[in-house]
Amino acid sequence: MSAATTRSRTPDRLCAEAVDLARAAAEEAAAPGVVGEHVGLVSEGDRVVTHYFECKEFGYRGWRWAVTVARASRAKLVTLDETVLLPGSDALLAPEWVPWSERLRPGDMGPGDLLPTDAEDLRLEPGFSGEDEPAPNSAVSQDMAELAEAEDAEVTAGTPAHLPFAPRRGSIAAVAEELGLRRARVLSRYGLHVAADRWEESYGPKTAMAQAAPASCVSCGFLNPIGGSLGQAFGVCANEFSPADGRVVSLSYGCGGHSEAAVMPTPPRPAPPVIDETRVDPFPLRPSPDSGSVSITPDETSAELGHS
């Protein structure tokens, strides 16, 4: 072990005694009344010592004010080097910072929010640009030029996404437009797989609703099919009473709202009425004189005891 290393582990006496200088520096950097007791010192090297003071600032539990002092060789004057607030071994620390792209969860976006997509997003791949060299058997290659002319097909130059007008029917750009490829980027194979796994987990055959369903969505009249490769396994539910209304569901999914689950029988027609309720029977407001045992007197107020 060298002599320099031995000296660096032993605190310099003058620097170790400069507690008042270190406290004054900490109080100048901090708010009034937040610098606590002196809790120790550490030798940082030859004639370099760091003093630690307790921090009484709310929200900084376990933190310490660290003030480093030093002196030149053969000098008796101790000078201030650095003042900083550092966490201790039991300090209350904020959680580790996570990038926003990793913190974002489904449903976090609101009106007006913008979600930039990474240029290297694995879920996307370049769409049809029209600038790549066509394959030898392609319809736009030199070898197939005569065939394109014979079929009266139009080959449009340039990128379809930058065309000033809609491509005419029969052109390569029109085919790209019809297939949904006239975009800068389209879903990659990885993007298709992760979307299918996500939809399968939410509305797939392993859910509790599908396990108790009388039949699957592939035979339901409320299933609206979708295009593309995902249409072979998924569709959109159009039953307003289904829990998956408006959602992409697996063809193996099912619920109690299946169109053929329970066909309601035709309600029976009521029997013709025995009483004709369409005719009005007249009833007198007063009984006839010969309908009862009590005769009606000309003046009912003169009756002594009324009706018996």
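Visitor: Let's start with Cys 55. Buried or exposed?
Guide: Cys 55 is buried. Its relative accessible area is 8%, and buried means under 20%. Keep in mind that this is a predicted model.

Visitor: And Cys 220, is that buried or exposed?
Guide: Cys 220 is buried, with a relative accessible area of 15%.

Visitor: Which cysteine sulfur is nearest to Cys 220, and how far away?
Guide: That of Cys 217, at 6.0 Å. Cys 220 is in no disulfide. The cut-off for a disulfide is a pair of cysteine sulfur atoms within 2.5 Å.

Visitor: Remind me, what is a disulfide?
Guide: A covalent bond between the sulfur atoms of two cysteines.

Visitor: What about cavities? How many of 30 Å³ or more are there?
Guide: The structure holds one. The space in the largest cavity is about 100 Å³.

Visitor: Which residues lie nearest the centre of the largest cavity?
Guide: Cys 217, Cys 220, Cys 237, Ser 242 and Cys 255. The lining has 14 residues in total. So Cys 220, buried at 15%, belongs to that lining too.

Visitor: What kinds of residues line the largest cavity?
Guide: Nine are nonpolar and five are polar.

Visitor: Now the largest pocket. What is its volume?
Guide: About 750 Å³. It is lined by 23 residues. Closest to the centre are Leu 104, Leu 115, Asp 121, Arg 123 and Arg 198.

Visitor: Which elements give two or more residues to that lining?
Guide: Helix 4, residues 100-103, and helix 7, residues 189-202. Helix 7 gives the most, with five residues.

Visitor: How do the lining residues of the largest pocket divide by type?
Guide: There are 11 nonpolar, four polar and eight charged residues.

Visitor: New topic. Where is Asp 12?
Guide: In the loop between helix 1 (3-9) and helix 2 (13-16).

Visitor: Is Asp 12 buried or exposed?
Guide: Asp 12 counts as buried, because its relative accessibility is 11% and the cut-off is under 20%.

Visitor: What does the side chain of Asp 12 make a polar contact with?
Guide: The side chain of Arg 71, at 2.9 Å. A polar atom of the Asp 12 side chain also lies 3.1 Å from the backbone nitrogen of Cys 15.

Visitor: Which residues does Asp 12 touch, not counting those up to four places away in sequence?
Guide: Arg 47, Val 49 and Arg 71.

Visitor: On to Val 236. Where is its place?
Guide: In strand 8, residues 234-237. At 22% relative accessibility, Val 236 counts as partly exposed.

Visitor: Which residues is Val 236 in contact with, leaving aside neighbours within four places?
Guide: Phe 222, Leu 223, Asn 224, Ile 226, Gly 246, Arg 247 and Val 248.

Visitor: What separates the C-alpha atoms of Val 236 and Gly 246?
Guide: A gap of 6.1 Å, and the two residues are 10 residues apart along the chain.

Visitor: Last, the whole protein. How many helices and strands?
Guide: Eight helices and nine strands. The protein has 308 residues, and buried ones make up 22% of them.

Visitor: And what share of contacts join residues at least 24 apart?
Guide: 49%, among contacts between residues at least 6 apart in sequence.

Conventions: Residues numbered from 1 in each chain as written. Predicted model: local features only at pLDDT ≥ 70, side-chain atom pairs only at ≥ 80, totals over all residues. Heavy atoms only, no water. Buried < 20%, exposed > 50% of the residue type's maximum accessible area, 1.4 Å probe, protein only. 1 Å grid on protein atoms, 1.4 Å probe; cavity = no way out; pocket = protein on both sides within 12 Å on 5 of 7 lines; lining within 4 Å. Points joined across faces, edges and corners; volume = space filled by probe spheres on them. Helix = DSSP H or I, 4+ residues; strand = E, 2+ residues; numbered from the N terminus. Nonpolar A, V, L, I, M, F, W, Y, C, P; charged D, E, K, R; others polar. Polar contact = N/O pair within 3.5 Å; in protein donor to acceptor, adjacent residues only side chain to side chain. Contact = heavy atoms within 4.5 Å.
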